[in-house]
Amino acid sequence: MYIGIDIGGTNIKGVLLDGKKVIDKTKTPTRSKSSRKIIIAQIFNCINRLVDGRKGIKGIGIGVAGPVDFKNQRILNPPNVTGLRNLYLGKMVQNEFNIKTIIDNDVHCLVLAEAILGAGKGKKTIIGLGIGTGVGGGIVFNGKIFHGTNGTAAEIGHMIILWGDRQCRCGNKGCLEAYINEKGIRITASKIFGRKIDSITLYEMARKKDKKAIKVWEITGQYLGIGLANIVNIFNPDIIVVGGGISGVNEFLLGPARKEMKKNLLSLL
């Protein structure tokens with residue numbers, strides 16, 4: 001059995017697996033603006049709920065939203081969970097539970113899972129994005145995560161698509177994340193509706209054929225399409241996988257994204 005933990009800007013999710021079978025799962029709000037002590041306690045509580053006296057748990061894998069020094073198992077400077085900055089979380093969890101623990105960027109983990117079990121199975125080059133509170137990225141070549149020099153490769157959400165425009169949580173302006181994450185979508189909605197509307201409400205409105213809501217998703221998809229075109233022009237991957245909570249709106253977002261991507265490609269896929 002293995003435990004998987006996903007530390008996002010909104011929720012900490014956990015799952016206990018026996019092979020491919022889900023034995024147990026848990027979720028708690030991240031409270032990302034809380035102190036480091038509180039967030040660590042939340043992580044430990046999630047793991048404790050899954051351990052629950054069980055024997056034979058062989059490992060814990062933790063995905064973290066933000067850059068990770070994979071070699072030293074250290075969280076660097078996550079823009080959406082700032083309380084975990086410069087934390088050697090892998091060693092801390094391993095010492096607490098006496099179970100081998102490995103941490104990595106959450107979307108690195110997502111893309112590896114897709115490469116092994118999902119849409120990227122059997123393919124050599126898989127690029128992935130996770131769109132939610134933030135926008136992460138992952139690259140898998142020949143079944144292995146590409147970490148770069150110090151583990152921080154594939155911060156796709158922080159490619160600049162409109163220099164000097166919207167402020168991103170990372171401190172830069174014009175990052176892809178600032179346009180297609182939850183906050184960015186609300187800002188786009190405010191320009192069209194005159195008020196901020198969350199992505200779930202916008203999705204339900206679009207399903208009911210609200211033209212303004214559909215327009216918000218079209219604009220967001222266009223921003224995403226620019227990012228996707230950059231990825232294709234640089235990596236020429238076999239497949240790009242888009243995941244995360246925002247991706248659940250499907251064609252309202254992905255249709256315009258594909259169209260914009262193709263407009264900006266040097267060569268068609």
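E251 has a relative accessible area of 48%, which makes E251 partly exposed (buried is under 20%, exposed over 50%, partly exposed in between, with a 1.4 Å probe and protein chains only). R258 is partly exposed too, at 39%. Their side chains meet in a salt bridge (a side-chain nitrogen of Lys or Arg within 4 Å of a carboxyl oxygen of Asp or Glu).

This is a predicted model, where local features need pLDDT of at least 70, side-chain atom pairs count only at pLDDT 80 or more, and totals for chains, interfaces and linings use all residues. Residues are numbered from 1 along each chain as its sequence is written, and side-chain values use heavy atoms, without hydrogens and water.

The whole structure holds 6 salt bridges. The table includes three of them.

| Pair | N to O distance |
|---|---|
| R258 and E251 | 3.0 Å |
| D69 and R74 | 3.4 Å |
| E204 and R207 | 3.6 Å |

D69 is buried, at 7% relative accessible area. E204 is partly exposed, at 33%. E204 and R207 both lie in helix α6, 3 residues apart (helices are DSSP runs of H or I, at least four residues, numbered from the N terminus).

Helix α5 spans residues 182-193. Its first and last C-alpha atoms lie 16 Å apart, close to the expected 16 Å (1.5 Å times one less than its number of residues). E182, G184, I185, T188, A189 and F193 are buried in α5. They cover an arc of only 160 degrees around the axis, so they sit on the same side of α5 (the arc takes directions from the helix axis to the C-beta atoms). The buried residues of α5 pack against α4, α6 and α7 (contact means heavy atoms within 4.5 Å). G194 follows α5, with a positive phi near 85 degrees.

Conventions
Helix = DSSP H or I, 4+ residues; strand = E, 2+ residues; numbered from the N terminus.
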